[in-house]
Amino acid sequence: MYVKDNMVSGPITIGPDQSVSEAIDLMSENGLHRLPVVDKNGKLAGLITEGVITSNTPNNATSLSVFELNYLLNKLTIKDIMIKDVITIGKDALLEEAATILRKNDIGCLPVVDEDNTLIGIITHNDIFTAFIDLLGYNHVGTRYVISVEEDRTGILEDICRVFKEQDVSIANMAVYNSSRGIEIVVIVHGFDDITDKLEKAGYKVTSV
């Protein structure tokens, strides 16, 4: 899976000379928590987030009148407070790489840029969660088998697939987990015919259907 298949293309952006007040309005209107900052040529210049705005506005806002607060927010420009050293990623990078970078740096998004730093998209942790759920087939209609593998060996996946094929059951998704319980293979199939007995006759322990 690639970043380009899961990113938001053509994200909403803001310019470095626009006001913080405009950024707040854009985020509020579109339900966003962050905005890439781009120059007039579409090059990535920085990133503005709710957290950055909060940390750069008066902590005791109640001591200011609405007029005074709005004046400050309109005078403060994006370039004054934006994150300038932004971690980015390319569209052809693997989704796993994006997830690793997000986790390692404890950040919520990665602007996606091309070779000359032109912004082409953005990918967030929510986009990766969505891809993860889709990859595992959680929302697919059908039957979900959890098969416990007591001893790993060559050809197990092929053998399990053979059992389903012999029963004319089509596999939609398959995933392998290595945990403290050992190896578990999760298979999601189309249809609702229970073939647990066939799997167990083939030597596999089905722990959940």
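This section describes the salt bridges, nonpolar clusters and helix faces of a predicted model.

Salt bridges were searched for across the whole structure, and 9 were found. One of them joins Asp92 to Lys4, with the closest N and O atoms 3.0 Å apart. This pair links distant parts of the chain, its partners standing 88 residues apart. Asp92 belongs to the loop between α4 (78-81) and α5 (95-105), whereas Lys4 sits in the segment before β1 (8-9). Asp92 is partly exposed, at 45% relative accessible area. Lys4 is likewise partly exposed, with a value of 39%.

A further salt bridge is formed by the side chains of Lys43 and Asp116, with an N to O distance of 3.0 Å. Lys43 lies in the loop between β2 (34-38) and β3 (44-49), and Asp116 in the loop between β4 (109-113) and β5 (119-124), so the bridge ties together parts of the chain 73 residues apart in sequence. Lys43 has a relative accessible area of 25% and is therefore partly exposed. Asp116, at 41%, is also partly exposed.

The pair Arg162 and Glu166 is local. Their side chains meet in a salt bridge of 2.9 Å, N to O. Both residues are in helix α7 (residues 156-166), 4 residues apart, or about one turn of the helix. In general, an α-helix has 3.6 residues a turn, so residues three or four places apart point the same way. Arg162 is partly exposed, with a relative accessible area of 36%. Glu166 reaches 52%, which is over the 50% cut-off, so Glu166 counts as exposed. The bridge is part of a network in which salt bridges with shared partners join Arg153, Asp159, Arg162 and Glu166.

Nonpolar side chains in soluble globular proteins tend to be buried together. The largest nonpolar core of the model contains 16 residues. Those with the most contacts inside this core are Tyr145, Ile147, Ile160, Phe164 and Leu199. Two or more residues each come from β6, α7 and β8 (182-189). Beyond residues up to four places away in sequence, Ile160 touches Ile147, Ile185, Val187 and Tyr204.

Tyr138 is located in the loop between α6 (125-135) and β6 (143-149). Its relative accessibility is 66%, so Tyr138 counts as exposed.

Helix α5 has a buried face. Its buried residues are Leu95, Ala98, Ile101 and Leu102. Viewed down the axis of α5, they fall within an arc of 125 degrees and therefore line one face of the helix. The other side of α5 carries the exposed residues Thr100, Arg103 and Lys104. Packing of the buried residues of α5 is against β4, β5 and α6. Just after α5, Asp106 adopts a positive phi of about 55 degrees.

Asp127, Ile128 and Ala131 are buried in α6. Their arc around the axis is only 95 degrees, so they sit on the same side of α6. The buried residues of α6 pack against β1, α5 and β5. After α6 comes Gly137, with a positive phi near 70 degrees.

With neighbours within four places in sequence set aside, Thr49 is in contact with Met27, His33, Arg34 and Ile83.

Definitions and conventions
Residues numbered from 1 in each chain as written. Predicted model: local features only at pLDDT ≥ 70, side-chain atom pairs only at ≥ 80, totals over all residues. Heavy atoms only, no water. Salt bridge = Lys/Arg side-chain N within 4 Å of Asp/Glu carboxyl O. Buried < 20%, exposed > 50% of the residue type's maximum accessible area, 1.4 Å probe, protein only. Core = buried A, V, L, I, M, F, W, Y, C linked by side-chain atoms within 4.5 Å. Contact = heavy atoms within 4.5 Å. Arc of directions from axis to C-beta.
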